[in-house]
Amino acid sequence: MSLKKIIKSYIIKTKYKNFNKKFFKRKKSDHEILIEFNSFRSSHLFLSVISNVISEKLNGKIVGYFNYSLTSVDLESSVYDKFKWLFGKFFGFNFFGIYKSFGVTKFIKPSFNKDICLRSDKIFNSLINQIKSKNDVLNLKINGIEFGDLIYDGYLKRYFKYSLEINNKEFHKYIKDFIKLYLFWNNYLDSNNVKAVVGVHTYYAYGVILRIALNKNIKVLTTESGKIFQLNKERNISNLEFKDLKYKIKSLNKNELETLIEKAKLSIENRFKGEISKNIDELVTTKSAYHNNYSAEKKVLAQNKKIKVLIATHNIGDACNAYGKNFFEDFYEWLLFLGSISKKTNYDWYIKDHPYYSDLKYASSLDRTYELSKKIVKQFNSIKRLDPNLSHHQLRNEGINFVLTIYGTISWEYAYYKIPVLTASNNCPTIDFNFNHHSSSKKKYEENLMNLDKIKVEIDRDEIINYYLAKYLIFNHNNLMKNFSNFLEDQTKNWDSYDTDDFYEYIYNTITKEDIVIMKNNIQNFIQSKEYIFVNQVYLNEIFLQYKK
């Protein structure tokens with residue numbers, strides 16, 4: 001980093017810390033409110049508001065907890081990393097200073113004594129005897145708490161794997177380290193008067209402390225992409241609001257529903273015009289898969305009467321079990337299964353990855369996804385790999401007959417054009433709607449794939465519009481911070497920009513004292529409501545006024 005950038009970063013961080021000090025105060029107490037200590041600038045305003053509200057409500061001091069272990073770093077820190085931690089904590093350097101500015105009184109980081117190591121070996125020996133298959137991993141519990149999904153997806157992420165081998169020594173070490181992490185946080189929560197835990201991500205090893213806290217009836221809230229979740233034992237991960245979509249639709253009166261329908265139609269139209277980000281209510285998208293830059297004369301699908309099936313791959317870097325268990329333990333197992341089916345059928349099979357987002361951090365994850373899809377077509381020559389940057393408009397117009405996904409957004413996008421989509425999970429966002437073909441089991445899924453000519457799906461476009469308005473408009477990114485998505489009105493910004501100093505600058509130039517008061521009041525009411533996800537009726541009212549016929 002150049003000296004100019006270092007100075008600019010210092011100035012922005014100083015202004016942001018001064019902004020925090022105006023609204024948030026340190027509290028002394030024997031009780032603790034734990035909040036995740038991280039470098040995700042996109043989460044810091046939300047963490048500061050939530051933790052301060054809970055601190056006042058439950059009379060607790062705010063404590064930052066390190067939560068990168070086994071996700072982006074190994075369990076044991078190097079000497080250099082230990083020095084950086086102590087140095088930063090003592091002098092309030094970088095993010096330590098940011099957290100102190102909104103009331104954090106101390107910072108904790110997992111450490112492991114001899115007792116933890118001995119106990120972890122004992123637990124590991126009992127767990128490893130339970131693992132006879134990959135699916136057994138997903139069912140793992142430690143002292144009655146389900147951790148299988150965190151272990152499975154966490155190992156794949158930490159070691160950049162497509163799938164796991166249950167007898168692999170590296171995997172066994174990961175389980176042992178995971179148990180150590182569990183024991184540390186379990187001991188900490190038992191030994192300290194923790195009243196609440198506020199986290200960010202609920203997947204991978206990030207979710208260890210959250211699951212333990214829930215099991216001990218400690219309040220748990222998380223914030224992700226501007227959304228606020230209040231977890232419980234039944235919903236111990238974020239982004240499960242799809243379970244409430246139909247309920248929220250029914251709660252709208254006629255005028256509200258009609259207004260949101262108009263806004264949803266506009267957003268859907270924008271998506272299929274090739275627009276991105278804020279204009280389609282999905283901030284992470286920086287490159288459209290629905291562009292119109294293609295020639296109708298240059299065909300990519302075979303010109304015959306065979307059934308044409310499109311496999312829409314998932315990003316290998318994502319957590320496969322993000323919504324719960326699926327028919328397949330991971331994305332790789334799903335693709336292998338489809339490859340075996342492709343050999344038994346007389347369909348034209350195609351596979352397509354997401355367009356390449358070279359400007360985003362997870363481009364490396366897309367690279368791995370591309371490597372995997374190439375591996376699949378090499379192993380199964382009955383499948384043809386398509387250019388990831390091809391427009392879905394071209395494929396739709398040329399005659400794709402069926403689309404396969406586990407739970408991707410393509411499930412409603414192709415259905416919107418009356419093209420049947422088969423999902424591979426009963427834990428997918430569209431499960432309560434009828435515009436997709438949801439198999440009841442893996443066995444039924446196979447049967448359906450073998451008999452696509454018999455699949456009949458009556459698709460009601462109005463149902464898709466209702467799905468969209470609930471998922472993307474009611475449960476949107478702006479419910480707490482009303483102008484969260486407006487940050488992307490600057491055309492030089494994209495999703496990754498939320499985790500740069502530019503977002504700090506945007507906050508202190510945009511957020512007022514009144515905004516902070518409103519956000520605090522909203523969080524107070526949300527906690528009292530015990531709802532799973534925060535929905536801002538005031539923000540919805542603004543949409544009603546803006547798009548009312």
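Mentor: Let's start with a definition: helices here are DSSP runs of H or I with at least four residues, strands are DSSP runs of E with at least two, and both are numbered from the N terminus. The model is predicted, so local features need pLDDT of at least 70 and side-chain atom pairs count only at pLDDT 80 or more, while totals for chains, interfaces and linings use all residues. Residues are numbered from 1 along each chain as its sequence is written, and side-chain values use heavy atoms, with hydrogens and water left out.

Trainee: Which residue takes a positive phi just after helix 7?

Mentor: That is F160, with a phi of about 55°.

Trainee: And how many residues of helix 7 are buried?

Mentor: Buried means under 20% relative accessible area, exposed means over 50%, and partly exposed lies in between, using a 1.4 Å probe and protein chains only. In helix 7 (residues 148–158), 10 of the 11 residues are buried, so this helix is mostly covered. Among them are D149, I151, Y155 and R158.

Trainee: What covers the buried residues of helix 7?

Mentor: Read this through contacts, meaning heavy atoms within 4.5 Å. The cover includes helix 6 (134–138), strand 5 (145–146), helix 8 (169–191), helix 9 (208–215) and helix 13. T71 sits in the loop between strand 2 (61–66) and helix 3 (79–91), and its relative accessible area of 5% makes T71 buried.

Trainee: On to sheets. What is the order of the six strands in the open sheet with mixed pairing?

Mentor: The general idea is that strands of a sheet pair through backbone hydrogen bonds, either parallel or antiparallel. Here two strands pair if DSSP finds at least two bridges between them. The mixed sheet is ordered 3-2-1-6-7-8. Its edges are strand 3 (104–108) and strand 8 (227–230); each has a single partner strand, so one side of each lacks a neighbour in the sheet. On average, neighbouring strands of this sheet are turned by 25° against each other, direction ignored. Strand 2 and strand 3 run parallel, joined by four bridges, and I62 has V104 as its bridge partner in strand 3.

Trainee: Which strands does helix 2 touch as it packs on the sheet?

Mentor: Helix 2 (residues 41–58) touches strand 1 (32–37), strand 2, strand 6 (194–199), strand 7 and strand 8. For angles, axes are lines fitted to C-alpha atoms, for helices over the stretch in contact, and values between N-to-C directions run from 0 to 180 degrees. Helix 2 makes about 165° with strand 6.

Trainee: And where do strand 11 and strand 14 stand?

Mentor: They belong to another open sheet of six strands, ordered 11-10-9-12-13-14 with parallel pairing. Strand 11 (383–385) and strand 14 (437–438) are at its edges with a single partner strand each, so one side of each has no neighbour in the sheet. Inside that order, strand 9 (residues 308–312) and strand 10 (residues 348–352) pair in the parallel sense over five bridges, with K308 opposite D348. Helix 13 (residues 363–379) lies across strand 10 and strand 11, at about 145° to strand 11.

Trainee: How many salt bridges does the structure hold?

Mentor: Side chains of opposite charge can pair when their charged atoms come close. The cut-off is a side-chain nitrogen of Lys or Arg within 4 Å of a carboxyl oxygen of Asp or Glu. The structure holds 24 such bridges. One of them joins K173 to D177, with the closest N and O atoms 2.8 Å apart. Both lie in helix 8, four residues apart, about one turn of the helix. K173 is partly exposed at 46%, whereas D177 is buried at 6%.

Trainee: Which parts does the pair of K216 and D190 tie together?

Mentor: Their side chains meet at 2.8 Å, N to O. K216 is in the loop between helix 9 and strand 7 (219–224) and D190 is in helix 8, so the pair ties together parts 26 residues apart in sequence. K216 is partly exposed at 27%, while D190 is exposed at 51%. Salt bridges can also form networks, as with K13, R41 and D501.
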